[in-house]
Every structure is written in structure tokens, then in C-alpha cells.
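I opened the notebook to look up a few places in this structure, going from the overall architecture to single residues. The entries follow the order in which I looked.

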Amino acid sequence: MAILQTSGIMCSSSSSSSSSYSQDRRGGIIRATLIVPRRMTNISLPGLQTKGIVEELELHNGTDKKLSPINVNTFRRNNSNGSDPLVMSKLYAILEAVADRMEMHKNIGEQRSNWNSVLLTSINALTLAAATMTGIAATSVISGSAPVAALKVSSTVMYLSATGMLSIMNKIQPSQLAEEQRNATRLFKQLHNQIQTIIATGNPTTSDVKEMMEKVLALDKAYPLPLLGAMLEKFPTNIEPAVWWPEQRRRQAKGLDRKKSWNGWNGKLEEEMTEIFGVIRKKDKADYLRLGGKALKLNKFLAISGPVLTGLAALGSSFVGSPDHGSWAVVLGVVAGALASAVNTFEHGGQVGMVFEMYRSNAGFFKLMEESIESNLTENDMEGRENGELFEMKVALQLGRSLSQLRDLAVSTSGKGDEDIEEFASKLF
């Protein structure tokens, strides 16, 4: 048997291989001829298999079920976790739509904030200029040094223009519009994070897709983008909390231990949540609705006063120089114009409409917490509730409290009447 050894690789011929020897009688040289078989079947190369990639590609035909170190399916998505590709695609589509809405509401919020600044400056400039012209016209009547008619007409036109612009501004309340868009941006960002969490935790279902769709549509309804035909009522008859969520659904938190029959709930936790529910309803939500009512009344008064004052100033400026109404016309034209400018600055410079929307939104936040607590407490099936420990932690975080502070609040308010409760549930607002 002939053996060939090169760089540690052993190539051995089989027993069937043959070798021949011949001797050159003339030179005394012995010549050897090695016959190597054409097919060497015993070549050992560590880490390399002779199975071709073509055979690997035949796996999906069912002819070969063996795996190879070179696996052409390595770059395919691993679906071993059971997630439905269609459900994932739908969630990603909703995620893109939510991201687009975030950008739209952000841009429109900045635009409407600019409206408030530009309109406020323009209307005040018109009003003060008209008041100045009215005073100049009154002095010109006495001295006769300037064309009184031109000043009277100019001041009257400017006052009327300011009245029309102020009426429109008070109707749409740009500061309140900007606050609505800021709230919408924040809530869409919150929804965006929720969808990312569902995707990250894995194994989403069609119910998750349906829930996210309903939340998107509820936000679209709560904070519309257009003004005409869809704008929220800025001076409602009844003050209600803002509602930006669909009907509460009872769903379980994923990835928790389901071997516990009570799902993290016990009698003590139910009593604690019942007390927290009462404090939120009697103190926090009621207080913000009360403050919202005061802000609304103040905003109504200012919204009516501004155009009325500019209208009276326009009337007074038109009678400047009249023999019968000269004195009161000057006073009305100048003083009413100055008051109108002050009222407009207080209303829109102070952003009273934004304050009302902020109170309404905060009341909506507490209403959402109420419904969330109530939906869990009224669910008789413990497996149908959200995990108790997780839910308690969420409530504590939303109220800006630690778990111990939340439990102390429930203990301190237990058995007290509405008037005896002094502490608010939230420490954030």
C-alpha cells in the first residue's frame, strides 16, 4: 500500500490500488510507478461536508429533511414564536399611520400657535392705531390743521376691521387649537410606543390590531385636524372631560404567570382600588371640571367684550367732530379702543382658551383612570382582568406616587365622606 502525506492531510489508497516496479538494467536505476485511483473516497477535511447547496435548496420539496451547516434558510424570518406575518404587517401599517399623524399634528399645532401670535399682534396694532387717529382727529377739529374726514374714515375702517378679525379669532380660539394639537401629538406618541411594545413582546393577535385601530380612530375623532365642519366647540354648554379612547376592553397582560388563579388580585387590592377610584372621582376630576368651568366663563366674557368694545370705538370715531356728539364720541372712540386692546391681550396673550383645554384634558385623564379601574373591578372573571400587581404599579405611576404612598392614600381615605377627603390622588397635576 502506498501512502502520500502532505501538510498533515493523509491520502491513502485502497487495497485495490496497485503499484508496479521496473528496473533499468542499463543504469541500475530502479523506477517506481504509483497508480493512484481516479476516485479517492477517503479524503477527510474537518468542518466541510461534500453536500451541495443544490441539495439544501431541495429541502422544501420534502426529499431531504437533514440540516446542513450551510443553511439557506438562515436569513428567513424565524416564525417559531407563532406570530402571524399578516398580523405583524397590519401592526406595522398602523405604526406608520400613527407616526404620520404625530408629524401632522405637531406641524399644525405650531402653525396654529403662530396664528395666535400673529393675529394678536395685528389686531392690537389696528386697534391702537385707530385710537390714535381718533384722538388726532379730535384735536384737528379744534385747530383745523388736518383733514378731519380722512382721519375719521381711516380710524372707523380700522376699528371695523379689528372687530371682524377679533370675532373670527374669538370663535376659533387659536391658543386652544394649538393645545388640542399638542395633546394629540402626545397621545399619538403614546400610542406609537404601545404598538412598539406589543411588537417587541411578540405573538400579537388580531384583537391587538383591532384595538389599535379603534384607538387611532378615537384619537382622530377627539382631535380633528380640519377647522370647518369638524372643529371642537370652543364654548360648550356643558363641560365634559375630553375623551380620546374607545370603549374599555378587558384584556390580559401578556407574558405573566397564569398559574396563579387570582391573577395578582386579592381582597385588599380590590379595596385599595375602590378607594382610589372614589378619590379620583370626588376630588381630582371634579376639581378640574370646576376650574374648567371658571376658565370657560372668563373666556366667554372676554370673547364677547373685545368685539363689543371695538364696535363701540368704531361708532365713536365716526362721530368725532360732530357738533352735537363731539365730546362723548372722542371719549368712546379712544377709551373703548384702548380697553379693547387690553381685553384682547389678556384673552389671547394669556391664552385663556388654552387653559380651558388643559383643564378639560386633565379631567379626561382622570376619567380614563376611572373607567380603567372600574372595568377591572367589575370583571368577575379574574383571568379577564389585567394582572393585579402590574395594574397597581401602573396606577401608582400615573398618579405620581410610589406603591407605599398609593396604599397609604387608600388607608387614609377609607370610610370618609366626600367633604372629609382633603388629599388629591394625583401628585403630578
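For accessibility I call a residue buried under 20% relative accessible area, exposed over 50% and partly exposed in between, with a 1.4 Å probe and protein chains only. I note that this is a predicted model, in which local features need pLDDT of at least 70 and side-chain atom pairs count only at pLDDT 80 or more, while totals for chains, interfaces and linings use all residues. Residues are numbered from 1 along each chain as its sequence is written, and side-chain values use heavy atoms, with hydrogens and water left out.

**Entry 1, overall.** I took helices (H or I, at least four residues) and strands (E, at least two) as DSSP runs numbered from the N terminus. The protein has ten helices and four strands, and from the N terminus on I read the order β-β-β-β-α-α-α-α-α-α-α-α-α-α. Of its 429 residues, 37% are buried. With contact meaning heavy atoms within 4.5 Å, I found that 80% of the contacts with a separation of 6 or more join residues 24 or more positions apart.

I looked here because most residues other than glycine have a negative phi.

A polar atom of the Glu233 side chain lies 3.3 Å from the backbone nitrogen of Phe235. That falls under polar contact, a pair of N or O atoms within 3.5 Å, where within protein one must be able to donate a hydrogen and the other to accept it, and residues adjacent in sequence count only if both atoms are side-chain atoms. I also noted that the C-alpha atoms of Glu233 and Lys171, 62 residues apart along the chain, are separated by 9.2 Å.

I used axes as lines fitted to C-alpha atoms, for helices over the stretch in contact, with angles from 0 to 180 degrees between N-to-C directions. Helix H6 (residues 267-318) and H8 pack at about 160° with axes 8 Å apart, so I list H6 and H8 as roughly antiparallel, the word for angles over 145 degrees. The axes of H8 and helix H9 (residues 388-398) come within 12 Å and cross at roughly 165°, and H8 and H9 are therefore roughly antiparallel as well. On the H8 side this contact is made by Phe365, Met369, Ser372, Ile373 and Asn376, and on the H9 side by Phe391, Val395 and Gln398.

Asn376 sits in helix H8 (residues 352-377) and counts as buried because its relative accessibility is 6%. Its side chain reaches the backbone nitrogen of Glu386 at 2.9 Å.

Note on methods. Angles under 35 degrees count as roughly parallel, over 145 as roughly antiparallel, 65 to 115 as roughly perpendicular and the rest as oblique.
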